[in-house]
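This report describes selected structural features of the model shown below.

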Amino acid sequence: MKAQTKSFTLVEVILACTVLVVVLLGFGQAIITAQKQTTALEQEFTILTGCEEVMDRLSKLPFETLRKQDGASFALKLSPESIQELSGKVIVSEDLNGNGKIERDAPYYEGNGDAVCVSLLFRDKLILRRIICKYPTGVIGQ
Amino acid sequence: MRQRGSILILAFALSFLLSAVAISLLSLVTVRYRHFSLYIEEVQTRHECLGALQFASQLILKAPYQNGKNSFLSCNSSNPLLSFNDVTVSAKKISSDIYEITAKKQDSYPTYKIWIKERSIPKDFVAIVFDDTLNISDSKYAGSIFAIRDINIISNEEKVFSHPLLAGGKFLFSSLAAANTEFKGGYSDFFPSTPRPPQNYLELTRATIPSPSKTFEIRGAKIFVSQETIFITPSSTPRISLVLKGEQMEISTGNETEPPISLDIPDDGLVFVEGEIEIRGYLIKHLTVLTTKSIRITGDIIYLDENNKPPITSEGETNSLYKAGPSLCLVAGENIVYEPKPPSRSLTICALLVALNGSIYSGMALKSDLLIIYGARICRKRPFRLIRDTGFAHAIYLPDPKLATHAPKFAPLLTIPSIVAFKIEK
């Protein structure tokens, strides 16, 4: 009597390897995607907080100086290792709702010279926009 | 066979486990990403809403008054006050003097609310100067003083104030002793924003004047009288003279040959003069006198209550027997000038004095003793003396508490929208 062979068949080996490879590839892809998304999140967070700081600085400028900031660039450092990226742009406009028209009457009150809309773009994407007034309030928005 | 089967099951189990870990990891990252996206939207909404609320507050501050109402706040409440991209700001009156201002983007976002208490002339204020440094010299102030820019204390000794001095700018002292004066610098704690005098008050008030029921003419000046308004048009007369006599007033041109016209003072009404006037007398009603040019105060202006008691004594003390009664608001498009006749006499003025575009100053060429003001001074430019060593040797400024709640109907009330609460509703 021949002893019974206990090794795997070729089909079994191929099947097991295929399943393992598919699973490992998926797992690897998941890790890569998660890492990319985390990096993107970190960048977006840095961009947002950076833009908030820029907006804060702009809101403290004298109003006439602020009006002259239209078209100015600003830089943000997106990670501790990276260098500052000069992709930020300031847009200062009396067109408060951004529809390309100055509408003086209610409910827009544009073009009265007492308020501007400051938009902060980074990599050409709108990050923040806010009305900044000539006579800023000392209570709200602190 | 059993061993091989076990190994296969183990391999599949391991695969499922890895798959589960991968799916969990991806789900976690996706949830985090979504959460962060929401956070970004919230930050953007916060900036848009707060900017819109600040703009609305500024519009409220700058809005002119019509019949004692802030025209911005009192507009149609069903429409939004202001619109900024997707953010709308609306106002709702929630009590007699409190408005709720809400900035909202969409239902799913937080709403930002402030409650604004609309105050007229701030209580206990005796001096408010808008565009210029305020000089405080040898005067006694019994109320708060507010200057949008600097306050300059000109004194050789320490001064004592019963109420805070609020300056948007610096405090300047003429001597070391004066520097011991107690003061409160900065006004952001008191005022949410810079108060501004009403901009279009003159034009708006002119537009409210109804058709006259009677017309008079005096040396070329036409006088139109309606129920609550007396409107005096320009004339060749350089200056109209108003003498208040209780319930009546006399209008003259200074020409002794021509008798003055006597009219009933419209209760809580308005006298609108296109030009300059001189004014003095005593009053038992509520009245606003508005001129497009300057107002010259040539004699005492005294309130008398129902028992004929004035609110202040001749020494400048408040009269405890006085029962609050009349109120007078003098509004000049240009300046308000103290010009007593004869020039050396002391002057007592019961009124809220408002110089929309000018100052409130002494125009005398001689030195006089005492100026008492029971009310408040509000001016764009700082008060001053026309000539050095002229004017009043002493001045006493006393607040009229009634101005805070019962200012005359046509007074250009300053809204100091004090923000009483701030809330974010999710």
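Which two strands of chain A form a hairpin with two residues between them? Strand 3 and strand 4 of chain A do so, and R123(A) in the turn has a positive phi of about 50°.

## Basis of the model

This is a predicted model, in which local features need pLDDT of at least 70 and side-chain atom pairs count only at pLDDT 80 or more, while totals for chains, interfaces and linings use all residues. Residues are numbered from 1 along each chain as its sequence is written, chains are lettered from A and ligands numbered from 1 in the order in which they are written, and side-chain values use heavy atoms, with hydrogens and water left out.

## Strand 3 of chain A

Strands, like helices, are DSSP runs numbered from the N terminus (strands: E, at least two residues; helices: H or I, at least four). Two strands pair if DSSP finds at least two bridges between them. Strand 2 (residues 84-93) of chain A runs antiparallel to strand 3 of chain A and is joined to it by six bridges; I91(A) has S119(A) as its bridge partner. Strand 3 of chain A is also joined to strand 4 (residues 125-133) of chain A, by eight bridges and again in antiparallel fashion. There, F122(A) is bridged to K125(A).

Buried denotes under 20% relative accessible area, exposed over 50%, and partly exposed the range in between (1.4 Å probe, protein chains only). Eight of the eight residues of strand 3 (residues 115-122) of chain A are buried, so this strand is largely enclosed by the rest of the structure. A115(A), C117(A), S119(A) and L121(A) point one way, whereas V116(A), V118(A), L120(A) and F122(A) point the other way.

## Cysteines

C117(A) is buried at a relative accessible area of 5%, and C133(A) is likewise buried, at 5% relative accessibility. A search of the whole structure finds zero disulfides over all chains (cysteine sulfur atoms within 2.5 Å).

## A parallel sheet in chain B

Chain B contains an open sheet of three strands in the order 8-11-13, with parallel pairing. Strand 8 (134-136) and strand 13 (171-173) of chain B stand at the edges with a single partner strand each, so one side of each is left without a neighbour in the sheet. Neighbouring strands of this sheet are turned by 20° against each other on average, direction ignored (axes are lines fitted to C-alpha atoms; angles run from 0 to 180 degrees between N-to-C directions). Three bridges join strand 8 to strand 11 (residues 151-153) of chain B, and I136(B) has I153(B) as its bridge partner.

## Aromatic contacts

A pair of aromatic rings is described by the distance of the centres and the angle of the planes. Rings of Phe, Tyr and Trp (its six-membered ring) pair if their centres lie within 6.5 Å; planes under 30 degrees apart count as stacked, over 60 as edge-to-face and the rest as tilted. The structure holds nine aromatic pairs over all chains. One of them, Y141(B) with Y397(B), is stacked, at 4.7 Å centre to centre and 15° between the planes. Y141(B) lies in strand 9 (residues 139-141) and Y397(B) in strand 30 (residues 391-398) of chain B, so the pair ties together parts that are 256 residues apart in sequence. Y141(B) is buried at 4% relative accessibility, as is Y397(B) at 5%.

F45(A), F36(B) and Y39(B) form one aromatic cluster.

## A buried proline

P326(B) lies in the loop between strand 24 (295-303) and strand 25 (327-332) of chain B and is buried, with a relative accessible area of 2%.
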